[in-house]
Amino acid sequence: MKELHYEFYIGGTPEQVWDTLISPEGTKQIYYGSVIHSTFKEGELLEYVGPGEDGDETLHVYGTLLEFTPQKALRFTHNVGPSYHQGHERYESRISWLLETVGETTKLTLIHDEWHPEDPSYAGSINVWWQVLSNIKTLVETGRTLDFGSWT
């Protein structure tokens, strides 16, 4: 499978974009009400947990933190939670969030790669990432998110 690669320019500082990606207040707004559970130590577990099919503590995504460089890079392996499909543990990919100052903006790059050829999450990720990225940009620039209706 091909890698998913997106670049957005956001009218905000790397600190503002980073906070949106990491803080509970930010992640709840851009990731379906989920927050990150992690020590943010490389090599340890990272989980996105929030409302879903298994209740308020649904495990949506989990993986191993590969890189954590504040306001620069967040990389982790990516597995969807057990409520998404059977055999979820067989399908691991990698997510890289990269931030760079460009003039008075922040360039946010998302690379979702290293897909298993049969990963059923690939097709859905193509569309969902556009919504997540659009919400990050809108949230940082305006303080609000977009209304896409039902996300799930």
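A search of the whole structure finds eight aromatic pairs. Rings of Phe, Tyr and Trp (its six-membered ring) count as a pair if their centres lie within 6.5 Å; planes under 30 degrees apart are stacked, over 60 edge-to-face, and the rest tilted. One of the pairs joins tyrosine 6 and tryptophan 130. Their geometry is edge-to-face, at 4.8 Å centre to centre and 85 degrees between the planes. The pair links distant parts of the chain: tyrosine 6 sits in strand β1 (residues 4-10), tryptophan 130 in helix α3 (residues 121-142), 124 residues apart.

This is a predicted model: local features need pLDDT of at least 70, side-chain atom pairs count only at pLDDT 80 or more, and totals for chains, interfaces and linings use all residues. Residues are numbered from 1 along each chain as its sequence is written, and side-chain values use heavy atoms, with hydrogens and water left out.

Tyrosine 6 is buried, with a relative accessible area of 5%. Tryptophan 130 is partly exposed, at 46%. Buried here means under 20% relative accessible area, exposed over 50%, and partly exposed in between (1.4 Å probe, protein chains only). Tryptophan 130 also pairs with phenylalanine 8. That pair is tilted, with 6.1 Å centre to centre and 45 degrees between the planes. Phenylalanine 8 lies in strand β1 and tryptophan 130 in helix α3, so the pair ties together parts that are 122 residues apart in sequence. Phenylalanine 8 is buried, with a relative accessible area of 13%.

Now the fold. The protein chain has three helices and seven strands. Helices (H or I, at least four residues) and strands (E, at least two) are DSSP runs, numbered from the N terminus. Along the sequence the pattern reads β-α-α-β-β-β-β-β-β-α. The radius of gyration is 15 Å, close to the 15 Å that the globule rule gives for 152 residues, so the protein chain is as compact as a globular protein of that length. The radius is taken over C-alpha atoms; the rule is 2.2 Å times the number of residues to the power 0.38. Along its principal axes the C-alpha trace spans about 45 × 30 × 30 Å.

Buried residues make up 45% of the 152 residues. Contacts (heavy atoms within 4.5 Å) complete the picture. Of those with a separation of 6 or more, 45% are between residues 24 or more positions apart.
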